[in-house]
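I opened the model to look up a few things about helix packing, domains and the ligand. My entries follow in the order in which I made them.

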Amino acid sequence: MDAEDETRKLSERILRSERDSRYLRRDSDQRKVMEEVFDRSTLLSIEELIRGGRLKKLNGVVNSGKEARVYYGLSPREDPVAVKIYMMSSSDFKKRVGYIAGDRRFGKLPSNSREAIALWVRKEFKNLQLAAWAGIRVPRPLSFFKNIIIMEYIGEPPRPAPTFAEAEVDQEDCDWTLRTVQKLYKSAGLVHADLSEYNIFKHGSEQVLFDMGSAVLVSHPQAEEFLERDIRNMVRFFRKRGLAPGDAGAWLGKIVK
Ligand SMILES: Nc1ncnc2c1ncn2[C@@H]1O[C@H](COP(=O)(O)OP(=O)(O)OP(=O)(O)O)[C@@H](O)[C@H]1O
Ligand SMILES: [Mg+2]
C-alpha cells in the first residue's frame, strides 16, 4: 500500500471514530473537523507516530477546545493514552508568543504558525516533564511530534476524568492546590500561567494538574504576574465553592519566599 492509500485509510478511520463518538463532541461538522484537525500534514504525523511504534491506535475524540482536540488512543503496550492535537488552522498562536519569548529554554522566536505550534508542543511536553520530575502529579508525558503530544490518559476512556469545575471539591483539594503551586514554583521552577478549575482533574481521590503549555520558567520576566493571576483564580474558585482558601496575597508571599 502506498503512502497516499495509507493516509486515505487513516482519515477514513478517524472519520468513522468521529461519527461513533459523536455523543461526546460539541462540534458536529465532520468536514470541518477533517479540515481543521486532520489536515494532510497532521495525518502524516499520526502515521509517523504509529509507524515509529509510539502509538498503536487512535480512537474517538475526548474533548475539544479552541486550539486543540484531545483524542483517546492506545499505546503500543495497549495502555490508554491521550493524544492532544493542536490545530494547524488555529490563528490564536500570536498571543502565545509572550509565553515563549522570555523563556530562555527557547532561542529564536518562531516565524510562522507551524513553527509556533511545534515550539508550543515542545514547551508543553518539557513542562510536563519538569513537573513530573519534581514529583507533581501531571499526566505522564510519553512523546511528541510536530503538533501532537501523547500523554497518560486520566479518566476511564472514552471519558476524561472530571475537572475541579465539574467535580465536588473539598478543603483537601484546596490545600493540595496551594501545595502544588508552591512545589511547581520551588521544585520544578515553573509557573503554570493558565491555572483554573478547568485545568485540574479530580480522578477519584486523586488530583492531577494538566494543560501545561502556557507554563513559564520562574526566570520569565512575567512569572510573578502569572503566579499572582493563577493564585487569584484558584482563591476565587474555592471561595465560590464555600471553602476557605485564605488570602491570595498571603499565598503569594508563602510561595515566593
Ligand atoms: N491526559 C488527559 N487524559 C484525559 N483527558 C484529557 C487529557 N488531557 C486533556 N484531556 C481532555 O481534553 C480537555 C482539554 O484539554 P486541555 O485543557 O489540555 O486543552 P486546551 O487546549 O487548553 O483546551 P481548552 O481551550 O478547552 O482549555 C480536558 O478538559 C479533558 O477533557
Ligand atoms: Mg485547558
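**Entry 1: two helices**

Helices (H or I, at least four residues) and strands (E, at least two) are DSSP runs, numbered from the N terminus.

The model is a predicted one: local features need pLDDT of at least 70, side-chain atom pairs count only at pLDDT 80 or more, and totals for chains, interfaces and linings use all residues. Residues are numbered from 1 along each chain as its sequence is written, while chains are lettered from A and ligands numbered from 1 in the order in which they are written.

I noted the crossing of α6 past α8 as right-handed (the near helix is turned clockwise from the far one by less than a right angle). On the α6 side I listed Leu 178, Val 181, Gln 182 and Tyr 185; they meet Trp 251, Lys 254 and Ile 255 of α8. Contact means C-beta atoms, placed from the backbone, within 7 Å. Sorted by class, this contact has five nonpolar residues, one polar and one charged. Nonpolar covers Ala, Val, Leu, Ile, Met, Phe, Trp, Tyr, Cys and Pro; charged covers Asp, Glu, Lys and Arg; the others, Gly among them, are polar.

**Entry 2: domains**

I recorded domain 1 (3–152) and domain 2 (171–256), with bounds from an automatic or database domain assignment. Their C-alpha centres lie 25 Å apart. The contact draws on 18 residues of domain 1 and 23 residues of domain 2. Which helix gives the most to the side of domain 1 that touches domain 2? I found helix α5 (residues 113–133), with seven residues. That side of domain 1 divides into nine nonpolar, three polar and six charged residues.

**Entry 3: ligand 1**

I counted 21 residues around ligand 1, the closest being Asn 63, Gly 65, Val 70, Ala 82 and Pro 160 (near means a C-beta atom, placed from the backbone, within 6 Å). Two or more residues of this shell come from each of β1 (57–64), β2 (68–74), β3 (80–86) and β5 (148–152). The shell has 11 nonpolar, five polar and five charged residues. Ligand 1 lies between domain 1 and domain 2, because both give residues to its shell.

**Entry 4: overall**

I noted eight helices and nine strands for the protein. Along its principal axes the C-alpha trace spans about 60 × 40 × 30 Å.

Conventions:
Contact = placed C-beta atoms within 7 Å.
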